[in-house]
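Trainee: I have just opened this structure and would like to learn how to read it. Could you walk me through a few features?

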Amino acid sequence: MIFASLIAQSLYYYPLLPETVAQHFDSQGKPNGWASREVFFAIYLGVTFLVMGMFLVIGCVLQKSPQYMNIPNKDHWLSPENRDETIRTITGGMALIGGLAGLLSLVVGQYAIQKNLTPGPIAMDAYILWLVLGFVGITLVWSISVTVKYMRPPPKHL
């Protein structure tokens, strides 16, 4: 869905943007980096697809070959009775973070597009900062919770 939204957004806005667009802005919303429209979309789509694709590919590799997971107590967590849940947890988190990264990129890309279509300075809206902080927060919470979970020693059998 995010991939389709990125493509639709790009196809719609590409012809509406000028040949040279602002691609980077300071904290007051003033442009301080420029590129051709082609380079802007190439970087925007290329980086977004690369990041999202990386999370998808790593999740698929770990699902097919869980022995590549670098987790503590691997023998316990990848034992037959724990393997499916461990794989779901790790690959689900990878999909979540990859999806959130794509969504964040979509919103920030839309912000850059709108800045180029709106004359005059527009200060960076607080929602961009909150989205970035939210993404970092979710990523940290998931990473820490997974680390804590898998660092626990396996239960001792009597």
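Trainee: Is histidine 76 buried or exposed, and what decides that?

Mentor: The label comes from relative accessible area: buried means under 20%, exposed over 50%, and partly exposed in between, using a 1.4 Å probe and protein chains only. Histidine 76 has 18%, so it counts as buried. Keep in mind that this is a predicted model, where local features need pLDDT of at least 70 and side-chain atom pairs count only at pLDDT 80 or more, while totals for chains, interfaces and linings use all residues. Residues are numbered from 1 along each chain as its sequence is written, and side-chain values use heavy atoms, with hydrogens and water left out.

Trainee: Where is histidine 76 found, and which residues does it touch?

Mentor: Helices (H or I, at least four residues) and strands (E, at least two) are DSSP runs, numbered from the N terminus. Histidine 76 belongs to helix H3, residues 74-77. Contact means heavy atoms within 4.5 Å. Not counting residues up to four places away in sequence, histidine 76 touches Asn82, Pro154 and Pro155.

Trainee: What about histidine 24: which accessibility class does it fall in?

Mentor: Its relative accessibility is 46%, so histidine 24 is partly exposed. You will find histidine 24 in strand E1, residues 20-25. Apart from neighbours within four places in sequence, its contacts are Lys30, Pro31, Asn32 and Gly33.

Trainee: Which side chain forms a polar contact with that of histidine 24?

Mentor: A polar contact is a pair of N or O atoms within 3.5 Å; within protein, one must be able to donate a hydrogen and the other to accept it, and residues adjacent in sequence count only if both atoms are side-chain atoms. Here the partner is asparagine 32, at 2.6 Å.

Trainee: What is the volume of the largest pocket, and which residues lie nearest its centre?

Mentor: On a 1 Å grid over the protein atoms alone, a pocket is an open set of points where a 1.4 Å probe fits, with protein on both sides within 12 Å along at least five of seven lines; lining residues have an atom within 4 Å of a point. Grid points are joined across faces, edges and corners, and a volume is the space filled by probe spheres set on the points. For the largest pocket this is about 430 Å³. Its lining has 19 residues, with Gln23, Tyr44, Val108, Gly109 and Ala112 nearest the centre.

Trainee: Which element gives the most to that lining?

Mentor: Helix H4 does, with 7 residues.
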